[in-house]
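Here is my note for someone opening this entry for the first time. Please keep the viewer open while reading the points.

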Amino acid sequence: MNAGIVKKQGFLWEIKHNKTLYFMCAPALVLLLMFSYLPMGGIYMAFTKFNVVDGIFGSPFVGFQNFVYFFSGNPYAWQVISNTLILNFWGIILGTVLPISLAIFMNEIKSGPFKKLSQGAMFFPYFLSWVVVGAILYGFLTSNFRIDRQTGETIVTGANGVMNRLLMGLGVNPIRWYAEPRFWKAIIIFLNVWKWSGYNSIIYMAAMSGFDGSLYEAATIDGASRFQQITRLTIPMLKPTVVVLVLMSIGRIFFGDTGMIWGVVGQNSTVSDAVNVIDTYVYSSMRTMGFGYSTAIGICQSIMGLIMIMLANFSAKKINDGEGLF
Amino acid sequence: MTAAKNSKSISASEGRIIQSRKDRWVTIFSYAFLGLFALICLYPLLLTVSVSFTSERLIASDGFRLIPKSFTLDTYVYIFSHSGSRILRSYGVTVFVTVVGTLGSMLVTCMIGYAISLKELRYRNVIAFVCNFTSIFSAGLVPWYVICVNWYGLSDNILALLLPAMFSVWNMFLMRTYFSAISPSLYDAAKIDGAGHMTTFFRIALPLSVTALLTVGLMYILSYWNNWWNALMFINDRDLYPLQYYLYSIVSNVNAISSGKIPAGAAASIKLPSETVKMAVTIITIGPIIFLYPFIQRYFVRGIMTGAVKE
């Protein structure tokens, strides 16, 4: 090989030759460096007893002490891990079934004002922040009543939300929702599915719009009912899309949505034990247990996340003939 | 099973009628299911709107109702006479952050998306990997927070609401997908005419990707408008509260008090914003989104669908 060509195709030559294009990449790469890659150096904090005065690299080194503390004799550790897994498990199941149902039914009805209106309504929750969802939820769950000690009668003492008015209308005792932890896992799962289903159904609708129409024509000629067309054609053909989306969610099964939990539950410590996830625990222990400890938990989570996403990618390749997640 | 057996014993034409009857049930069920779900999505919003126009007294006696007995603007008048300047200030912060943030994000995202959509860029896959890796592994909240505060000085800084949310890898890949679909011959023609990459980008690539620009732009608008997390992390100065965080500070106080864990004396000293005020602030917070929603929804759906198909 001739030296001139080698030089011409070298790294510097490429940078110089395409300098405008690399310049166009620069702002995004700088942002990634600032907010994603440099913080990775901060992982070192997990091995220190961090204090602000000595900074990240000056604080005393304590080895794996922070990790050991998280996993041994800390009741919160298993609680937040199991909360995260339970919320995500039901989120994945319901968050897959409902959007697919919506997409299939959307396909079954004629286009017209009803279709437009219901589609518009379905996506609406996606546009709201969790804080707004939390505020709206308050109108459903707020409770102001007391039970008379002698007669056992319910006495309304102020505004009651839609749920309590419904219960009282049915002759059932109202509930102090914000003081009853047992309902909150279900409430959070419901809200999560409610907020995302419309948006996720778009992805299935997109997949369905790519299906071969002649298959359905042939099925109609052969006398297949609409129901059979759904179960024998649409659902099997959706399988690759479902596999990809479900595996992606499984890859993130150790991650909770702090915004969701904090936006909806706020600083209500009575119910938060029922819905605290790893992420919210990291946030609250950052204030109470120190930065080193909370970094250690975050790292365990990130590593588990990396393992899960690799496994998910591997499974996706197995199931979908070599098509991975990324 | 029984249907299949029955259809054997009857003539073909009757079979077809049974078939179409069953089809009709599928259609009816579809309408019912979608109608119900649409109602579940819209009802909370309608309730919030109507409560914000109801008087506090009526809410206390009747509870939350979709159709109030009487209609009043009192709550809004009250909010704007008592904390009008605070809300307007927060509105200003949110609008500023949304406008500046979205413009900046779009420029940053589209430029890198365009650059790595071109085959002539040799390290495009390396760059794509550098981007992708951040979505599968992150250092976590705490190192990010410490570096933002100690190194970049983002606490109580308006930049804390702008910079960390400025680049979304997901949106970048959506843009790249769109840019890759543009025929290279268009770029070649421009190159022959002496256009550089910047000209090609602004004059050819961007105008040909209007749907994608609208979709991604809307994603960024939403993420800036709805962002309160960064305010929770970095902002203590009330003058820099974005709207969502203002609402959060109202609602989370109320939640803590209704849990009953705060002693009665302390609860009495914290002034509770009344029910209608909360709902009215909610409406003020999502107001622009409600107004824009009918116009943008269509583009949004189309953009996501096209992006999803190509992937």
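**Notes on the predicted model**

1. Start with a nonpolar patch on the surface: I86(A), F89(A), W90(A), I93(A), L94(A) and V97(A). Together they have about 520 Å² of accessible area (Shrake-Rupley method, 1.4 Å probe; for residues, only the protein chains shown count as cover). Patch members have over 30% relative accessible area and no salt bridge, and nonpolar side chains (Val, Leu, Ile, Met, Phe, Trp, Tyr) are joined within 5 Å. A salt bridge here is a side-chain nitrogen of Lys or Arg within 4 Å of a carboxyl oxygen of Asp or Glu.

2. This is a predicted model, in which local features need pLDDT of at least 70, side-chain atom pairs count only at pLDDT 80 or more, and totals for chains, interfaces and linings use all residues. Residues are numbered from 1 along each chain as written, chains are lettered from A and ligands numbered from 1 in the order written, and side-chain values use heavy atoms, without hydrogens and water.

3. L94(A) is partly exposed, at 38% relative accessible area. Buried means under 20%, exposed over 50%, and partly exposed in between (1.4 Å probe, protein chains only).

4. Now V275(A). It belongs to helix 14 (residues 269-275) of chain A. Buried or exposed is V275(A)? It is buried, with a relative accessible area of 0%. Leaving out residues up to four places away in sequence, V275(A) touches N83(A), L87(A), W184(A), K185(A), I188(A), I261(A) and V265(A) (contact: heavy atoms within 4.5 Å). F57(A) is 218 residues away along the chain, and the two C-alpha atoms are 35 Å apart.

5. Chain A splits into domain 1 (3-40) and domain 2 (72-143 + 178-319). The bounds come from an automatic or database domain assignment. The C-alpha centres of these domains of chain A lie 37 Å apart.

6. Chain B has 16 helices and zero strands. Of its 311 residues, 50% are buried. Chain B exposes about 15,000 Å², with 66% supplied by carbon and sulfur atoms.

7. C25(A) is buried at 1% relative accessibility, and C148(B) is buried at 0%.

Key
Helix = DSSP H or I, 4+ residues; strand = E, 2+ residues; numbered from the N terminus. Patch = residues over 30% accessible without salt bridge, like charges linked within 9 Å, V, L, I, M, F, W, Y side chains within 5 Å.
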